Amino acid sequence: MDFVSNLLNALPGAVAQGLIWGLMAIGVYITYKVLDLADLTVDGTMSMGGAVCVMLMMNGANVWVAMLCAFIAGMLAGAVTGILHTGMGIPAILAGILTQLAIYSINLRILGNKANQGINPDKYDLLVSLRNVKEVSIANPILVAAIFTVVLIALLYWFFGTSLGCGIRATGANPDMSRAQGINVNFNKILGLMLSNGLVALASALYAQYQGFADVNAGRGAIVIGLAAVIIGEVVFSRIFRNFALKLLAVALGAIIYYLVIQIVLTLGMNSNDLKMLSAIVVAVFLAVPYWKGKYWNKSGKKGEAKNA
């Protein structure tokens, strides 16, 4: 009974975190699935957005202005990665690592040469706060994050239906054919990386408000959580979610499932120091599921059909 009560008590927080990190995972989805690029910049932008948002609010900026600036900061970081990759011929994964390293120093400067900066919800008008996670009101971070998710998915669905968005999708699907059709592949890669990291920074701004502080290490391992959400969403919902908007929704739901699994394991008594290892195991298992499915289950199905024939 203690396990059940403790789990139910912790579930609202897990769902809220899952929704916020789901926004970040949608950004990862754009590079990983749409552009077909391995981008590690997100580990830096996941802390940059929160740092920019918190520092601007502490200096008197409106929360919406602060979040817009966080989004723009993330886009600029993505642009740097894109230019390193397309303009200097550096592989995407190395370009992301280089940008991520630079962002760490930039984040320290943004935070006033401190590792973290707190923001008091009693003194500032925050959109989300951990203290409201169990309240039945419009201030509940679950509701706010859910609204953000729905609006974001709707905007991305519209954008990727435009000629510019279709160009980005075509670039990821087949860059050589896209180039032959007159599409500026390098521009689309840069734009996709900008959009992806802008969304990650926006999620970071929400997450910093939710936990009440911005931390220079907030994005460490963020790519693992993002990939976990993408893969879990794909494995669990791929058969029923075929529309692009629904695929984005699957990513957000994947992040919620990930955090629910983490919360269940922690409630069972697992040492929190082992969370990174658990994250790696979860991602590895869900990455392997499609491979196992294709190698073993499909073969057994084909053998059964052959016998019936």
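A residue counts as exposed when its relative accessible area is over 50%, as buried when that area is under 20%, and as partly exposed in between. Asp-176 has a relative accessible area of 56%, so Asp-176 is exposed. Keep in mind throughout that this is a predicted model.

**Salt bridges**

Let us stay with Asp-176 for a moment. Side chains of opposite charge can pair when their charged atoms come close. Asp-176 does this with Arg-179, in a salt bridge with an N to O distance of 3.3 Å. Both residues sit in helix α7, which covers residues 175–180, and they are 3 residues apart, about one turn of the helix. Arg-179 is partly exposed, with a relative accessible area of 45%.

How many salt bridges does a search of the whole structure find? The count is 3 salt bridges, and they are set out here.

| Asp-176 | Arg-179 | 3.3 Å |

Glu-234 has a relative accessible area of 35%, so it is partly exposed. Lys-33 is partly exposed too, at 34%.

Ser-105 and Asp-122 are 17 residues apart in sequence, and their C-alpha atoms are 30 Å apart in space. Ser-105 is part of helix α4, and its relative accessible area of 45% makes it partly exposed.

**Patches on the surface**

Now look at the outside of the model. Arg-169, Arg-239, Arg-242 and Lys-247 come together as a surface patch of positive charge. Lys-247 belongs to helix α10, residues 244–267, and is partly exposed at 36% relative accessible area.

Another patch is nonpolar. Met-277, Ile-281, Val-285, Tyr-291, Trp-292 and Tyr-296 make it up, and together they have about 630 Å² of accessible area. Trp-292 lies in helix α11, which covers residues 275–308.

**Aromatic rings**

A pair of aromatic rings is described by the distance of the centres and the angle of the planes. The structure has 9 aromatic pairs. In one of them, the ring centres of Phe-159 and Phe-160 are 5.2 Å apart and the planes meet at 75°, so this pair is edge-to-face. Are Phe-159 and Phe-160 buried or exposed? Both are buried. Elsewhere, ring pairs join Trp-21, Tyr-207, Tyr-210, Tyr-258 and Tyr-259 into a cluster.

**Two loop residues with positive phi**

Most residues other than glycine have a negative phi. Asp-36, however, has a positive phi near 60°. Asp-36 is in the loop between α1 (2–34) and α2 (42–58), and with a relative accessible area of 55% it is exposed.

Asn-113 also has a positive phi, of about 60°, without being a glycine. You will find Asn-113 in the loop between α4 (92–110) and β1 (116–118). At 61% relative accessible area, Asn-113 is exposed.

Key: Residues numbered from 1 in each chain as written. Predicted model: local features only at pLDDT ≥ 70, side-chain atom pairs only at ≥ 80, totals over all residues. Heavy atoms only, no water. Patch = residues over 30% accessible without salt bridge, like charges linked within 9 Å, V, L, I, M, F, W, Y side chains within 5 Å. Areas by Shrake-Rupley, 256 points an atom, 1.4 Å probe, with all protein chains shown as cover. Salt bridge = Lys/Arg side-chain N within 4 Å of Asp/Glu carboxyl O. Lys, Arg positive; Asp, Glu negative; His and termini not counted. Charge placed at Lys NZ, Arg CZ, Asp CG, Glu CD. Helix = DSSP H or I, 4+ residues; strand = E, 2+ residues; numbered from the N terminus. Buried < 20%, exposed > 50% of the residue type's maximum accessible area, 1.4 Å probe, protein only. Phe/Tyr/Trp six-rings, centres within 6.5 Å; stacked < 30°, edge-to-face > 60°.
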